[in-house]
Structures are given as C-alpha cells and as structure tokens.
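Hello,

Please find the structure below, with notes on what was found in it.

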Amino acid sequence: GYGTQKKKVVTAAIAKVSAEDLNDMPVLNIENSLQGRAAGVRVTSGSGQPGDGGTIRIRGSATLGDSNPLVIVDGVIVGGGIDYLNQGDIESIEVLKDAASAGIYGARGSNGVILVTTKSGRTDRMEVGYHSYLGTQAPSRKLAVLNATEYATLLNESWAAAGDSLLFKDAQSLGEGTDWQDAIFNNDAPIQNHDLNFSMGNEKSSYYVSFSYFNQKGIISQEKSNYERFTTRMNSTHKITDNITFGNNIAYTKIKSRGISTNSEFGGAVSRALNIDPITPVLETDQDLLDNASWYANENRVTNEDSIPYGISNLVTSEVLNPVAALSVGDGFGWSDKIVGNFFTEIKLFNDFKFRSSIGGDLAFWGGEGLTPIHYLNGANFIERNTYSRDKNNGFYYIFENTLSYDKQIGDHKITAVVGTVAEKNKGEGISGSKIGIPFTTIEDASLSYFVPVEDQNFGGYEYFTTNASILGRLNYNLKEKYLVSALFRRDGSSNFGANNKFGLFPAISVGWIASDENFLSDNDIINFLKIRASWGVNGNDRIGGNSFISTIGGGRSYSFGQNEILTNGSTPNSLSNPDIRWERSSQTNIGFDAKIFRKIGVTFDIYRKKSDGLLGSIPTPWYVGIGGLTGNIGSLENQGAELELSYLAKLGKVKFDVSGNISYTENVITSLGPEEEFRTGSTYGPSGLEITRTQVGFPIGSFYGYTTDGLFQTQAEVDAHATQEEGTAPGDIRFVDINNDGVINEEDRSIIGDPTPTWTYGVNLTVKWKNLDLVMFGQGVAGNEVFNATRRFDLPKANMTADALGRWTGEGTSTEYPRLHKDDPNRNFSRSSDFFLENGSFFRIKTLQLGYTIPRISSDKIRYRDIRVYVSGNNLLTFTKYSGLDPEVNGGSFGIDRGFYPQPRFFLFGINAKF
C-alpha cells in the first residue's frame with residue numbers, strides 16, 4: 001500500500017500469490033486463485049455455474065454485514081467483483097491480513113485488503129505470449145435417489161402408516177423410471193480460454209498489451225447457464241526525463257452471461273431433479289394420457305422442439321415440476337461493460353523525496369433482459385401472458401491520490417516515509433421496466449416500446465452518490481536491517497455518516513527483530529533465518545447505505561381518505577434519524593515469525609486476535625413508533641486464530657521437489673448485540689419459514705439453530721418414559737432432547753446446534769520436475785463445520801427421497817438414524833430444524849492434477865521461441881468428504897445450507913503456454 005518494501009524487513013502479516021503460481025494453474029474465476037494458497041484466507045466457490053465468483057474471508061468475518069475484503073487493482077478500489085480480470089494479466093496478488101498492513105487503508109481495511117498488481121512491459125526486448133486451454137466439464141457425482149419402484153413402495157408404506165389406501169397397486173411394475181439427474185446434467189460442457197499478450201520496451205518506455213477470450217458452458221442447461229468474457233489491457237510506463245515518469249494501467253472487459261437458480265428450494269433445477277417423482281417421464285408420449293388426463297388439457301403446455309409435450313407430474317406439485325421443461329421456458333441474459341484503470345506521474349524531487357500523483361477510475365455499465373412466454377408447467381406454475389423486463393445501470397467511481405515519499409539511508413539507519421491525501425467519489429444510476437402482454441415469443445424481438453395498458457407496465461429507477469476524503473502517513477525505520485519499526489495512521493471521512501462522527505482515525509504500529517543476524521545465531525546450521533514480529537492497529541468499516549444517519553422520505557404508500565375511502569398515493573418517512581452513528585472499529589493484535597531452517601524449509605507462523613465493536617446494523621424499534629429501519633451501532637464480535645505456512649525445496653538426483661502447504665485456525669464469537677438483544681434470526685427454510693440459522697451472543701455468526709436429537713424411539717415404553725413430544729409420537733420417531741428439562745418438547749428446547757463456518761482451512765501444493773516433465777498437484781480443504789442438508793421438500797409428502805430412506809425404521813432395532821415414514825409426519829420429524837439435517841461439512845478436494853511437458857528450446861532462422869509448455873490437467877478430480885450431497889462447498893446465497901446446490905464441475909483440460 002503506497003510503497004514497496006524488501007521482504008526481509010516487512011513487519012506485518014502479508015501473504016502473496018505470484019504470477020508463477022498462476023501461470024500453469026487455470027482457475028475459472030480470479031477469487032479461486034487464492035483458494036488454499038494463503039493461510040488465513042478462506043475462499044468459498046459461489047457455485048458451479050459459469051461466471052459465479054467466490055466469497056473471500058480474511059481471518060473470519062469482522063462485521064455482521066458485508067464482510068468482503070477491500071479489493072484494489074493497480075491502485076483502484078474495485079466494486080462488483082473481480083471477474084473482469086484476466087488471469088494471465090496478473091503479476092501478483094498480495095493479501096494484507098493484519099491491522100498493521102491493512103491500516104494504510106483505514107476505514108475500509110477491517111475485512112482485510114487484497115492488492116492485485118497487473119503485469120508491466122519488458123525494457124530489454126519484445127516478448128509475445130500465448131496461453132490457451134480447451135476442455136470439457138461434467139458433474140463430479142450423482143446422488144442415489146429412489147427409483148420408480150422404490151419410490152412407489154415407500155409412498156405406499158407412508159400412506160398405510162396413516163391408515164389410508166395405497167397409492168400404487170403394483171409398485172414392482174414401475175421399474176427404474178426417470179433419472180432426473182441424468183436429464184438435467186451435461187457430461188460434455190465445453191470450456192475454453194485464449195490469452196495473447198505482448199511485452200515490449202526500452203530504457204525509456206515499456207508496454208504490456210493483452211487480449212483474452214473466455215467461454216464456459218454450464219453442466220446444467222448449456223443454453224441457459226453460460227458465461228462469455230472478452231478482455232483487453234494496455235499498461236505502459238514512460239520515462240519522460242531522469243526525474244519524471246508517467247504511466248497508465250487500463251483494462252476493458254465485456255461480459256455476457258446467462259444463469260439459473262443455483263441454490264433454491266423454489267424453482268432450482270437441482271432441487272426439482274431431486275424431488276420430482278421418478279414415475280413422470282421427461283417427455284410424455286402416451287397419447288391416451290395426453291388425450292384424457294386433466295393435467296395435460298391446457299393448450300399452453302410446454303413441448304420440445306419436436307412438439308412432444310414435456311411430462312407433467314400429477315403426484316408432486318407446487319414448485320417441484322419437470323426441471324427440463326422449466327429450463328426450456330423463457331430466455332434472459334445479463335451483460336456488462338467495464339473500464340478500470342489509472343494514470344500516474346512520479347517526480348523525483350531533491351534530497352531523496354519523490355512525489356506521486358494518481359487518478360484512477362472504475363466505469364461500469366451493466367444490465368439485463370428477460371422474456372417469459374406464455375406457458376403451462378403445472379397447476380401452480382403457469383402464465384397466460386408474456387412478460388418482458390429490461391434494466392440498464394451505470395456506475396462511476398474515481399479516486400485521486402497524491403503522496404510524498406522519503407527514502408534515506410544514513411549509515412546503519414534506513415528511513416522511509418510517506419504522507420498523502422485521497423479523494424474518492426462513487427455515483428451511479430439505473431432504470432428498469434417491464435411489460436405484460438407484449439406479442440413476442442423471442443427475446444431478440446421483444447421491446448419495451450410496444451404499447452400495453454398502464455396497469456400492465458412497471459417502471460422504476462434509482463440514484464446513489466457517496467464521497468470519501470482521507471489523509472495518511474507511514475514511517476518505516478530499521479537499524480542494520482535487524483531492528484524494525486513501522487508506524488502509520490489514516491484519517492477518513494465518509495458521506496455515509498453525519499456531522500457528529502463523519503471522521504475516524506485509524507492508527508497502527510508494528511515491530512520486528514531479525515534474530516538470526518545476532519551473533520548467537522549467525523553461525524547456526526539449523527536456523528538460517530529468523531524474524532520475530534508483532535503488530536497492533538485499528539481498522540474501520542463504513543459499509544452502510546447512504547443517508548442512513550438521517551430520516552428520508554419514501555413514496556408509494558397509500559392512504560384511504562374521506563367517507564368513500566378513496567385510495568390516495570402518498571409518502572412517509574422511511575426511518576428514524578441517527579446523527580450519532582459512527583464507524584465500526586476493528587482492533588487487531590498479531591504476533592508471528594518467519595524462519596528458514598536447514599536451508600530448505602521455510603516456516604511462517606502467526607497468531608492474532610481481532611475485536612470489532614460498534615457493529616453497524618438495524619436497531620429494533622417498537623411497533624407503535626410506526627417507523628422501522630433505524631441504523632446504528634449495535635454490538636461487537638471477536639475473531640482469533642493461528643496460521644502456519646510451510647515450504648520445502650529439495651533435489652534428489654535430477655528430480656526437483658517443491659512442496660508447500662498452509663493451515664489456519666479461526667474462531668469467531670459474537671460478544672454483544674446491544675443491551676436488549678440476545679440474538680438475530682438468520683436464514684429460514686422457504687416453504688415453512690422454519691428458522692435454520694441464528695446469530696446469537698456467545699456463538700459464531702450465522703450458527704445453525706434448532707432441536708437436538710437423541711436417536712429414535714424403539715418401543716412404546718421409551719416414548720412413554722420421555723418428555724411429551726407430539727400427540728402422534730410413536731416408535732420409529734425421532735427422540736428430541738428436552739433441553740430445559742420441563743417435560744415438554746417445544747420451541748423452548750431449541751439451541752445452537754452447529755456452525756457452517758470452518759474452523760480449519762488448509763491447502764497443499766506439490767511440484768515435481770524431471771528433465772522436461774513436470775507434475776503439479778494442488779489440494780484444498782476445510783474442517784470443523786457442518787452443512788444443513790435441506791435438499792428434500794419434506795413439506796410435499798410425495799416428493800422423492802434419497803436412497804437413505806431405504807434404511808428407514810420399520811420395527812424395533814431396524815434403524816437408529818432414519819425415522820419411520822408417515823404421510824402426515826405426526827411427530828414433525830422432518831418439519832423441525834434439528835441436527836437430523838446436519839452433516840459433517842469437512843472435505844479435502846484435489847483441485848488440480850496436472851502433467852506438463854516443456855518442449856526443448858529451438859532457435860533457427862525459421863523457428864524461434866523461448867518457452868513452450870503443453871499440459872493436460874484434471875480439476876476437481878476427487879473430493880474426500882462424509883457429506884452426502886452433491887457438493888460440500890455450499891454457498892450460493894445460503895452459506896452452509898444445501899437447498900439444491902449447483903455443484904462445481906469436474907473438468908479436464910488440454911493447454912499450451914508459449915513465449916516467443
């Protein structure tokens with residue numbers, strides 16, 4: 001941040017991923033380039049859908065709201081994700097983990113900082129690089145669900161347990177039925193990437209120019225789930241005189257994507273495939289059924305390209321319907337155009353001073369279109385008039401920075417210092433509209449200009465505007481590069497806060513000692529290098545909506561006036577004002593060391609404790625006030641943990657080994673939610689509104705909440721001896737624990753039952769080289785977390801089940817885990833949030849296994865190249881986990897809750913990296 005430092009004298013906790021780590025390791029999104037490679041950094045993939053980025057957490061979540069780290073690309077703060085970046089353009093990624101390193105970014109540094117530096121041109125020659133890979137993707141696993149015969153047999157059993165007549169007279173005649181997972185998944189989804197770059201220059205000027213194209217199809221519905229990106233970049237540096245340097249870094253990215261629901265019990269393709277009955281076919285060809293069954297009578301029923309109707313289930317209803325038919329209905333896409341860059345000037349002044357001025361910006365245009373045609377999927381999912389929607393948005397962020405630096409060596413004393421000012425502005429606007437009943441059937445023809453009645457159209461828009469102003473300073477001092485001190489401060493002002501607390505001051509200090517340079521360790525053959533360091537600092541967070549400190553007015557509120565109660569549109573206050581709202585403050589202490597032992601083993605170790613107070617959030621207000629949404633400082637939390645990084649370089653004959661690994665432990669706990677609050681409700685299960693997670697004092701953010709179970713009742717005597725559960729409780733039902741020992745199982749017996757956030761994260765890299773061959777393996781994993789398996793729609797008694805149901809309780813001693821089946825579920829075995837749905841979320845995944853060959857260098861009049869490497873690579877090859885779902889790395893809007901998660905694909909690539 002605002003300077004460079006020799007690695008030896010760095011006193012803060014910083015992790016780095018370099019271009020060499022990324023060149024031969026293709027990743028589908030830039031966030032995943034950090035996954036498993038930096039201790040203290042947890043990256044969770046958004047989903048397996050093309051274009052979905054990952055969620056990054058640095059040393060846990062430091063706030064109740066947006067916990068994403070600050071991302072800075074070539075000095076420009078970037079919002080809206082970093083999927084616009086081309087992996088081949090990245091020179092390095094630095095992660096600032098502790099307060100001493102992130103403190104220079106003050107108000108936005110509490111969640112950590114990620115610095116991305118892109119490549120610059122060469123000054124000695126011209127070099128052309130071409131990097132490309134082609135591949136295919138497929139799902140890495142399928143779930144074992146009931147086939148048609150098994151499904152009918154178990155439903156008959158459920159209905160018989162309720163005393164009802166059997167649904168199916170001859171279950172055995174139904175056979176295997178439809179494999180809905182085979183129906184929605186593609187086993188040959190293509191993926192490709194091409195990157196061409198030029199690096200050139202001389203002692204006066206240097207240039208780096210690149211062009212890249214990336215295209216990925218989804219493993220579910222390639223037509224509806226795909227991502228395409230074009231990127232071009234031009235970086236240059238020009239030495240105007242011996243004392244003046246001018247440069248720029250500019251990138252333009254164009255993205256077009258289509259997407260489907262990735263983790264939803266309402267309308268998700270995976271959820272539908274797992275829950276729809278296996279008796280219904282993908283396509284219905286039984287003409288007698290088509291002519292006589294009421295559910296096929298609607299003239300708007302959906303057909304394939306050959307006009308064959310898709311199957312409609314008369315067993316499972318609601319949102320659980322034919323997923324192939326649903327994926328064929330409608331069309332939509334999103335698009336974006338983004339320009340990110342900066343221009344800078346450096347002037348060397350007298351007496352070791354240097355002035356740098358930089359202006360950068362992030363200019364983005366984005367939007368989308370969608371058309372839903374007339375269709376009939378089932379009795380609950382149909383529309384009788386087309387709906388077309390469109391939105392268009394733009395945002396502009398700019399940052400103007402001016403810094404004065406001083407660099408001086410006086411004997412054994414080295415002093416570097418920097419002071420500066422920062423001014424930022426962020427603004428944007430958008431407009432959206434929709435119309436019902438337009439006479440178009442394709443999105444290419446649809447238009448908002450077609451006339452429809454006023455009641456069939458809707459238009460809206462928004463604007464936003466924020467500003468920030470900062471001053472900063474930092475002083476680094478070392479004596480003989482042995483005794484090290486760094487101190488810094490930053491003062492930030494934000495338009496998000498009122499006059500009472502508009503500005504915040506964020507200091508930090510760190511110290512270090514190169515112990516290996518002392519006489520008592522200088523001749524040591526075991527410890528070749530040892531640096532001990534410690535730091536403390538304060539960071540901030542201002543991520544709240546603009547104008548949260550004042551009471552704004554909102555429209556669209558209706559009132560009834562007069563004797564005739566005429567409905568009149570009006571406006572009312574949105575919230576109460578709070579002029580005393582202030583910055584969140586996060587203080588962090590870090591102690592660690594860096595060492596090299598036996599000249600081959602590198603070790604980095606850190607322990608830290610981070611306390612966040614004044615957490616920003618909504619403050620409950622009494623209903624009689626008539627206004628909600630008051631924003632204020634509501635509580636505090638703590639994160640503490642430890643991190644270890646190891647590396648080993650060795651050579652055995654002509655074989656070279658490079659092994660590195662890291663492991664991190666993180667513990668998160670809420671210490672306060674205000675004087676009158678003990679918890680805040682989190683995620684719920686949609687069909688029933690069931691509370692699944694809760695943020696509660698004394699526990700981690702978003703902990704799982706529900707009932708604790710204690711096996712199954714095996715006899716009536718056990719039921720009678722236990723606390724009263726439900727009126728229909730019987731042998732084979734789940735035995736819920738009476739937490740408060742009042743003799744009754746009710747909502748008072750719910751408690752924290754698990755944590756979706758891993759306490760351990762780790763990664764391992766192995767590279768073996770022999771002559772021109774190389775083998776690369778990279779693996780990553782987590783431990784200490786649970787996943788809530790909410791894939792089955794238990795609110796629909798006829799929904800399909802996983803094969804685990806075959807092991808249900810059918811009599812004393814037949815099962816101790818899976819309860820009896822009963823149509824009405826009288827004991828609410830499946831309609832309560834309990835640890836019955838929790839599974840171990842730990843996993844270790846082989847992310848990459850790659851075999852490469854470097855073609856021996858040839859130089860002649862006809863063929864000249866510096867380096868050509870070809871490789872074959874398998875990604876997401878194996879996942880070792882006890883989780884029974886499709887993918888244990890569940891995110892997709894509901895972290896740790898599997899509602900039918902779009903899994904990450906397994907893919908195989910052939911690639912080439914060439915330099916000329």
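Tyr 296 is in the loop between helix H6 (287-292) and helix H7 (323-328). This is a predicted model, in which local features need pLDDT of at least 70 and side-chain atom pairs count only at pLDDT 80 or more, while totals for chains, interfaces and linings use all residues. Residues are numbered from 1 along each chain as its sequence is written, and side-chain values use heavy atoms, with hydrogens and water left out. Helices (H or I, at least four residues) and strands (E, at least two) are DSSP runs, numbered from the N terminus.

Tyr 296 has a relative accessibility of 2% and counts as buried. Buried means under 20% relative accessible area, exposed means over 50%, and partly exposed lies in between (1.4 Å probe, protein chains only). Apart from neighbours within four places in sequence, Tyr 296 is in contact with Glu 284, Leu 289, Leu 290, Arg 301, Tyr 310, Gly 311 and Ile 312; contact means heavy atoms within 4.5 Å. From Tyr 296 to Ala 783 there are 487 residues in sequence and 49 Å in space, C-alpha to C-alpha.

Next, the sheet. Four strands form an open sheet in the order E31-E34-E35-E38, with antiparallel pairing. Two strands pair if DSSP finds at least two bridges between them. Strand E31 (679-681) and strand E38 (751-754) stand at the edges with a single partner strand each, so one side of each has no neighbour in the sheet. On average, neighbouring strands of this sheet are turned by 50° against each other, direction ignored; axes are lines fitted to C-alpha atoms, for helices over the stretch in contact, and angles run from 0 to 180 degrees between N-to-C directions. Strand E34 (residues 693-696) and strand E35 (residues 703-706) run antiparallel and are joined by two bridges. Thr 693 stands opposite Phe 704 in E35.

Now the charged pairs. The structure holds 49 salt bridges, a salt bridge being a side-chain nitrogen of Lys or Arg within 4 Å of a carboxyl oxygen of Asp or Glu.

- Arg 356 pairs with Glu 346, and their closest N and O atoms are 2.7 Å apart. Arg 356 is partly exposed, at 29% relative accessible area.
- Lys 408 forms a salt bridge with Asp 352, with the closest N and O atoms 3.1 Å apart. This pair links distant parts of the chain, since Lys 408 is in strand E17 (residues 387-410) and Asp 352 in the loop between E13 and E14, 56 residues apart. Lys 408 is partly exposed at 28% relative accessibility, and Asp 352 is partly exposed at 35%.
- Asp 606 and Arg 533 meet in a salt bridge of 2.7 Å, N to O. Asp 606 lies in strand E26 (residues 601-613) and Arg 533 in strand E22 (residues 527-541), so parts 73 residues apart in sequence are tied together. Both Asp 606 and Arg 533 are buried.
- Lys 6, Lys 8, Glu 481 and Asp 517 are linked in a network of salt bridges.

Last, the surface. A nonpolar patch of about 770 Å² accessible area together includes Trp 770, Leu 775 and Phe 910. Patches are made of residues with over 30% relative accessible area and no salt bridge; like charges are joined within 9 Å, and nonpolar side chains (Val, Leu, Ile, Met, Phe, Trp, Tyr) within 5 Å. Accessible areas come from the Shrake-Rupley method with a 1.4 Å probe, and for residues only the protein chains shown count as cover. E43 gives the most to the nonpolar patch, with four residues. Leu 775 is in strand E40 and is partly exposed at 38% relative accessible area.

Regards
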